[in-house]
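Subject: Model handover

Hello,

Here is the model you were going to look over. Please open it alongside this note.

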Amino acid sequence: MTEPLLEAHDVVKTFGRVQALRGANFTVYPNEVVALIGDNGAGKTVLVKCLSGVFQPDAGEILIEGKPVRLDSPLAAMHRGIETVYQDLALADDLEAPANLFLGRERLVAGPLRWFGVLDRKRMLHEATAAFRELGVQLQDERMPIESLSGGQRQSVAVARSVVWASRAVLLDEPTAALGVVQRANVLQVIRKVRDRGVAVVLISHNMPEVLQVADRIEVLRLGRRVARFQAADTTLEQLVGAMTGALVQEGAA
C-alpha cells in the first residue's frame, strides 16, 4: 500500500479543562480527497490546525512521509507544502484575484527595479489566469476586486491560491458552507481537479451527501478520537451518521 503522506498519531490537545483531542489519529494518502467528519465539538478544526501549524500538540506527533516533524507555525507547514483554507478565506477584498493569489508571495520585476520592490503585475496576471483556467475557476474578469465576486467564486479563488503553492496537501475547512447549489458544485469540481494535479485534499464538511460525492476516503472523529474509516464508494449515509453519533462502532479505527 502507498505510504501515507501526512499523519497524526495519538495527538492530544487541551485548552484549559477542555480536552479537544484525546489521542486522535488521522491519515492522508497521496492523490486522494479524504474527508474528515464528525459532530460539533468532535475536534475536526483543532486537528486540522495541528496539521497546519496553527496549534502544536500537547502529546502525540505529526508525520510527513513517515518522518516526525514539528510544525511550530503555519509558515513551517507551508514550507513543507501544506496549505490551508479556513472558513473566513483570509482574502483581501479590495484586491483583484491575481493579487490575492500572490498575496505575501508577490512576483517582482527583473533588473534594478527589483531592489525597490516593484511588482511584476503582468506576470502575476498571466500566471493567475493560467492557474484559474487549469482548475476550472470561472471569473468574468480576473482584474475585478474580490469583493465583487460571488461566494462560490471567492471560495474558488481561495482554493486556487492554496493549490498554486501546495506541493503535498491542501486542507479545506467547510469550503462550501453558505454556498448555493451551483456554487457548491463548482467548488467540488475544483477540489477534484486539485486531486488530479497530484495534491492531496483534506475536506472538513458537515454535508454528508457532498462528502460521499467528492471524497475517496472518509475518517470520522468523535469526542476527540478517530472512531471509523470508510471507503466512500462503499459507504452509506446511515453508516456515516452512525459513526458520528456512536451508534456504529468500527473495530480497529483508532
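This is a predicted model: local features need pLDDT of at least 70, side-chain atom pairs count only at pLDDT 80 or more; totals for chains, interfaces and linings use all residues.

Residues are numbered from 1 along each chain as its sequence is written, and side-chain values use heavy atoms, with hydrogens and water left out.

Helices (H or I, at least four residues) and strands (E, at least two) are DSSP runs, numbered from the N terminus. Two strands count as paired if DSSP finds at least two bridges between them.

Six strands make an open sheet, in the order β6-β7-β8-β3-β9-β10. The pairing is mixed. β6 (82–85) and β10 (225–231) are the edge strands; each has a single partner, so one side of each has no neighbour in the sheet. From one strand to the next, the twist averages 20°. Axes here are lines fitted to C-alpha atoms, for helices over the stretch in contact, and angles run from 0 to 180 degrees between N-to-C directions.

Two helices pack on this sheet. Contact means heavy atoms within 4.5 Å. Helix α6 (residues 181–196) touches β3, β7 and β8, and its direction makes about 150° with that of β8. Helix α8 (residues 237–245) touches β3, β9 (217–222) and β10, and its direction makes about 25° with that of β9.

**Strand β8**

β8 covers residues 200–204.

β8 has parallel pairings with β3 and β7. Strand β3 (residues 33–37) joins β8 over four bridges, in the parallel sense. There, A35 has L203 as its bridge partner. Strand β7 (residues 169–173) also runs parallel to β8, with five bridges. A169 stands opposite A200.

**Strands β1, β4 and β5**

Strand β1 (residues 6–15) pairs with strand β4 (residues 59–64) in the antiparallel sense, over five bridges. E7 has L63 as its bridge partner in β4. β4 also pairs with strand β5 (residues 67–69), again antiparallel, over three bridges. I62 is opposite V69 in β5. The β4–β5 hairpin has two residues between the strands, and E65 takes a positive phi near 50° there.

**Cores**

A nonpolar core is a set of buried Ala, Val, Leu, Ile, Met, Phe, Trp, Tyr and Cys residues joined through side-chain atoms within 4.5 Å. The largest has 46 residues. I37, F132, I191, V194 and I218 have the most contacts inside it. Leaving out residues up to four places away in sequence, F132 touches A97, L101, V137, L139, E142, V157 and A160. Another core lies apart, with 29 residues, among them A8, A20, L21 and I82.

**Helix packing**

The axes of helix α5 (residues 151–165) and α6 come within 9 Å and cross at roughly 10°. The two helices are therefore roughly parallel (under 35 degrees; over 145 is roughly antiparallel, 65 to 115 roughly perpendicular, the rest oblique). From α5, the contact uses G151, G152, Q155, S156, V159 and V163; from α6, Q183, V187, V190 and V194. These residues divide into five nonpolar, five polar and no charged. Ala, Val, Leu, Ile, Met, Phe, Trp, Tyr, Cys and Pro count as nonpolar, Asp, Glu, Lys and Arg as charged, and the others, Gly among them, as polar.

In α8, the buried residues are L240, G242, A243 and M244. They pack against β3, α7 (208–214), β9 and β10. G246 follows α8 and has a positive phi, near 95°.

**Backbone points to check**

Most residues other than glycine have a negative phi. E174 is not a glycine, yet has a positive phi of about 50°. E174 sits in the loop between β7 and α6. Its relative accessibility is 11%, so E174 counts as buried. L223, also not a glycine, has a positive phi of about 55°. L223 lies in the loop between β9 and β10. At 49% relative accessibility, L223 counts as partly exposed.

Best regards

Note on methods:
Buried means under 20% relative accessible area, exposed over 50%, partly exposed in between (1.4 Å probe, protein chains only).
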